[in-house]
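Here is a short note to read beside the model. Please keep the structure open while going through the points.

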Amino acid sequence: MSLFTRSRQLLHKDAATTEGDPAPTAGDAAADAPTDAGEEGVAADPEPAADADAADPEGAPAGGRKRPGFARARSSTTTVLAALLVFAALVVPNELTRVTPASFTRIPVEAIFGAALLLVLPTRARRVTAVIAGVCLGLVTILNLLDMGFYSVLDRPFDLVLDWILFDDAKAFLQDSVGTAGAIGAVIVVIAVVLAVLVLITLAVVRLTRLVAEHSAVATRSVLVAGTVWVACMALGVRYVGVPVASLATADLAKHRLYTVRAGIEDEREFAKVAAVDRFADTPADQLLTGLRGKDVIFAFIESYGRSAIEDPAMAPQMNEALAEGTDRLKAAGFSARSGFLTSPTFGGGSWLAHSTFMSGLWVKNQQRYRSVTSSDHLSLTGAFQRSDAWRTVGIMPGVTRSWPEGKFYGLDTVYDSRELGYEGPKFSWAPVPDQYSLSAFERLENSKPGRKPLMSEIILVSSHNPWAPIPKSIGWDEVGDGSVYQSISKDGKDPKEVWKDPDQVRTEYRRSIEYSVNSLVSYVAKYGDKDTVLVFLGDHQPAKIVTGENAGRDVPISIVAHDPAVLDKIAGWGWHEGLKPSPDAPVWPMDTFRDRFLTAYGPQPAAPATPPAR
């Protein structure tokens with residue numbers, strides 16, 4: 001019985017006594033009995049009291065006091081909305097692509113079990129249970145919303161243990177993309193949504209719990225019928241448009257969360273065992289990379305350069321034309337290229353996971369593994385160059401804007417981050433420095449120095465980072481200067497907020513950004529490369545699903561460019577294809593296998609692996 005109904009009946013009884021009406025009958029007394037008695041025993045049915053509001057279709061109680069009709073309508077509407085909210089929270093999948101009308105034809109077993117439990121609990125326990133259940137369902141709903149976002153961008157669910165650090169990166173990305181005010185506004189909206197989900201779902205569960213208690217007889221029959229239907233549908237495997245009618249969605253997701261937490265703990269131990277085994281750990285320094293001695297080797301990562309860029313029908317014609325032109329330009333300068341594919345451990349973001357996988361020869365698929373490997377003494381590919389003492393090792397890291405302790409793992413003698421490149425121009429959304437400027441700074445700071453040792457350089461190119469607007473444009477190398485020239489280029493560029501209103505435009509700007517990055521590399525090698533230059537460049541991961549669509553895979557192109565034919569002869573057995581564009585049937589390797597293949601091709605044979613790689 002609602003508090004409003006109880007109060008109104010008491011007023012009615014007082015008025016009846018004052019006016020000399022007959023004493024209440026036994027039926028009246030039963031109607032006015034405290035609801036708790038009926039709540040604690042299923043046999044007691046408080047329906048007459050709960051239905052007192054319906055005595056007059058016009059909303060006039062027996063005492064003659066008018067109650068507006070819209071009050072009952074508002075109460076009924078609120079109850080219906082509460083039921084819909086709880087139902088949606090129980091059946092909506094955690095991937096946007098799976099949210100279909102069929103999703104809402106399921107019968108959630110959690111609702112049946114919950115209602116049955118609430119019916120048998122005493123009053124106080126029922127109230128506490130309702131609040132706890134509402135909060136838990138609210139938290140599950142928030143995690144499902146996070147999953148939707150992660151699947152849309154990173155093609156994986158949210159990791160309850162390891163992914164919290166990514167919120168700081170997301171905030172930084174928003175600040176760079178839409179400004180501080182926009183980022184603060186987005187954070188406020190997110191906090192408001194989280195609180196609203198928790199509060200509204202909890203209130204909805206509490207309201208429905210009160211309804212179940214007030215109509216216990218009807219609720220009991222409904223639970224029995226729903227339970228029977230659910231068991232029958234489960235036993236018969238009934239489906240609607242491929243979706244099981246008998247739903248365990250929320251229970252399965254909760255179970256999966258617990259499994260991933262446990263699996264994460266076990267993964268840390270297993271990965272530590274695998275990382276401790278290194279086929280090249282005991283290789284003498286004078287035997288490492290002997291096939292590249294005297295060469296200037298550049299490892300360049302192009303942000304978000306994925307297989308979709310060269311095979312998606314909406315982007316492939318223009319992109320492949322750019323790669324063909326690049327191949328011809330390099331050939332005219334005396335260079336040749338071979339290309340294949342690698343499968344990245346990440347999708348849509350998490351570049352550092354791909355970088356560490358490529359360099360370490362270990363499958364670094366999450367933040368826990370990244371912390372583990374970068375804090376270890378495991379030999380990285382770049383570290384092998386440093387150990388040999390035959391190269392000066394440098395890093396050009398325009399995307400690094402603060403302290404980067406992980407740099408020690410990569411074996412780099414000197415790291416130039418965005419603060420040390422001498423750039424005086426504007427940011428291009430997230431990208432602090434345009435790619436052509438980064439390469440120009442590398443030439444000025446390291447490559448052009450007379451009398452230097454051979455260089456091994458790791459260069460990260462970031463102009464193709466999401467949101468792909470505005471995009472720098474290629475200019476003459478003698479025009480780059482300190483980067484001030486980019487002020488007008490940035491102002492003339494497109495607004496990312498406008499670009500992201502249209503998915504087709506997002507794909508177009510993504511493709512243009514990849515063309516710019518590849519062209520910057522090709523132009524640099526054609527102008528500044530010589531007979532000792534060796535370039536290895538690859539993508540770190542595919543772009544977000546707004547570009548690739550569903551089921552795009554995680555492959556990224558990789559190319560090796562060299563002037564000396566002997567360099568490419570050493571990888572002739574790899575089966576890679578000629579030119580900068582790998583053909584659709586080019587070899588595809590897991591990214592963590594590249595380190596060992598490269599060290600083997602350009603050095604002595606390593607010891608046989610003691611354990612299989614952990615993925």
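Is R452 buried, partly exposed or exposed?

1. R452 is partly exposed, at 26% relative accessibility. Here buried means under 20% relative accessible area, exposed over 50%, and partly exposed in between, with a 1.4 Å probe and protein chains only.

2. This is a predicted model: local features need pLDDT of at least 70, side-chain atom pairs count only at pLDDT 80 or more, and totals for chains, interfaces and linings use all residues. Residues are numbered from 1 along each chain as its sequence is written, and side-chain values use heavy atoms, leaving out hydrogens and water.

3. R452 forms a salt bridge with D296 (a side-chain nitrogen of Lys or Arg within 4 Å of a carboxyl oxygen of Asp or Glu), and the closest N and O atoms are 3.0 Å apart. The two residues are 156 apart: R452 sits in the loop between α16 and β9, D296 in strand β5. Helices (H or I, at least four residues) and strands (E, at least two) are DSSP runs, numbered from the N terminus. D296 is buried, at 10%.

4. R392 and E446 also meet in a salt bridge, 2.7 Å from N to O. R392 lies in strand β7 and E446 in helix α16, so the pair ties together parts 54 residues apart in sequence. E446 is buried, with a relative accessible area of 2%.

5. R279 pairs with D596 in a salt bridge, with 3.4 Å between the closest N and O atoms. The partners are 317 residues apart, D596 being in helix α22. A network of salt bridges links D278, R279, R595 and D596.
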